[in-house]
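I opened my notebook today to look up a few things, one at a time. Have a look at the picture with me, and then read on.

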Protein chains: 2
Amino acid sequence: MSDLLERLRGRGWRVTSQRRVVAEVLDGDHVHLTAEEVHARAAERLPEISRATVYNTLGEMVSLGEVMEVSTDGRAKRYDPNAHQPHQHLVCSACGIIRDVHPSGDPLADLPPAERFGFTVSQVEVTYRGVCASCA
Amino acid sequence: MSDLLERLRGRGWRVTSQRRVVAEVLDGDHVHLTAEEVHARAAERLPEISRATVYNTLGEMVSLGEVMEVSTDGRAKRYDPNAHQPHQHLVCSACGIIRDVHPSGDPLADLPPAERFGFTVSQVEVTYRGVCASCA
DNA sequence: TCTTGACCTGGACTCTGTCCATCGTAGGAT
DNA sequence: ATCCTACGATGGACAGAGTCCAGGTCAAGA
C-alpha cells in the first residue's frame, strides 16, 4: 500500500479504484511522470480509466500538497510524489531524465532585499541543467 | 532603433518589416511577453503579420542567443530580450508579473558533487515566487 | 440494502505551438 | 535602376496538452 494513498485517505479523501491506481503509479523516488504517462500506466491496471479522471486526480493531489507539479521543458507538466521533502531538480539536456537534488544552503537567502521589488518572497524553484553520465 | 535589431543585422540576419516590428516589440527591460502578446502588439503596427512568422522569428532570436525563453507558469512560454546579462526571475503568484532579479553568489556552486549524479552541470534557472506590493 | 452526493466517462472544446504549400520580397548581381 | 532568386511570410490544417460538461456510476454512511 502506498504511503501516498494512506495520507490521502487520512484526509477524508473518497478512495475509488481510479484514485487508487493513480496513487500507486506515482509511488517511489525520482518519479516524474507526465499526466499522459500516468494515464498509460494506470490503464494497464484499469483499462477503462479516462484521461479526465487522471487529470482531475493529479490536480487534487497537487491541491492537497501531496504531489508537486514540475515543468522542466515547457511541454507537459510532470508530477512528483516527493512533496514532503524540499528539493530541486537536475535535468539532462540530452535525454530529459530528472533527478531530485538537495542544494546546500537556503536558495531564498541569495536574493538581496534590494532585488525583491517589494515582493513578499516565499518560495524558490531551482532547475539545474547538464548532461547525464549515460549521454556524455 | 533597437539594439536587438542592430545585433541581429550584424549577424547577417535578413531584415524584413515583420522581423523589425517583432524586434521593436521586444525592446526594453522587464519585458516578458508571450508569443500571442508579441503577435498582438506587432499586429498593431503591421496588421497582416501572421502568427507563424512571429513564432518563427522568436525561435530564431532564441537560437541566436539574443532572446531568452522563460516558462514560469506551465502555460505559454515568454520571451525575454535581456539575454546578455545573466539573471533569474521573480514572479507574483497573484497577478503573474515577472521581474528580472540578480541573486548574490553563484547558484551552481550550491549543488554539491554528491548531488550531481555524474551529470556535467552547466546551467541553472531559478524562479522566486511571492506576492508583489500591488497584490499584497 | 438503500440513498445520495461525490465521482467517472467520453467527447467536444480551448490554448499553445508546429508544419507545409504557395506566394512575396530583400538585397546582391547586372 | 532593374532583374533574379533564395530566403522569408502567409494562413490554414494539424498536433499536443489540458479543461469542461452532461449524463451515467458507485463508495460509504444511514
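Below are my entries, grouped by topic.

**Ground rules**

I am working with a predicted model, in which local features need pLDDT of at least 70, side-chain atom pairs count only at pLDDT 80 or more, and totals for chains, interfaces and linings use all residues. I number residues from 1 along each chain as its sequence is written, with chains lettered from A and ligands numbered from 1 in the order in which they are written.

I call a residue near a strand if its C-beta atom, placed from the backbone, lies within 6 Å of it. My helices (H or I, at least four residues) and strands (E, at least two) are DSSP runs, numbered from the N terminus.

I sorted the surface near DNA strand C into seven nonpolar, ten polar and eight charged residues. For this I count Ala, Val, Leu, Ile, Met, Phe, Trp, Tyr, Cys and Pro as nonpolar, Asp, Glu, Lys and Arg as charged, and the others, Gly among them, as polar.

Around DNA strand D I also noted 25 residues, of which Ala52(A), Lys77(A), Gln18(B), Ala52(B) and Thr53(B) come nearest. Here α3 (35-45) and α4 (51-63) of chain A, with α2 (17-25) and α4 (51-63) of chain B, supply at least two residues each. The classes near DNA strand D are seven nonpolar, ten polar and eight charged.

**Domains of chain A**

I see domain 1 (3-80) and domain 2 (88-130) in chain A, with bounds that come from an automatic or database domain assignment. Their C-alpha centres lie 24 Å apart. Five residues of domain 1 of chain A are in contact with seven of domain 2 of chain A, where contact puts two C-beta atoms, placed from the backbone, within 7 Å.

**Where the chains meet**

How many residues does each chain bring to the contact? I read 34 from chain A and 34 from chain B. On the chain A side, β6(A) gives the most, with twelve residues. That side has 17 nonpolar, eleven polar and six charged residues.

I then followed β6(A) across to β6 (residues 120-131) of chain B: eleven bridges join the two, and they run antiparallel. Glu125(A) has Thr127(B) as its bridge partner.

**One helix, two sides**

In α3(B), I found Val38(B), His39(B) and Ala42(B) buried, meaning 20 or more other C-beta atoms within 10 Å of their own; exposed means 12 or fewer, partly exposed is in between, and C-beta atoms are placed from the backbone. Seen down the axis of α3(B), these buried residues fall within an arc of 100°, so they line one face of the helix. I take the arc from the directions from the helix axis to the C-beta atoms. On the other side of α3(B), Glu36(B) and Glu44(B) are exposed.

**A sheet in chain A**

My last entry is an open, antiparallel sheet of three strands in the order β1-β3-β2 (chain A); strands pair if DSSP finds at least two bridges between them. Three bridges join β2(A) to β3 (residues 78-80) of chain A, and Glu69(A) has Tyr79(A) as its bridge partner.
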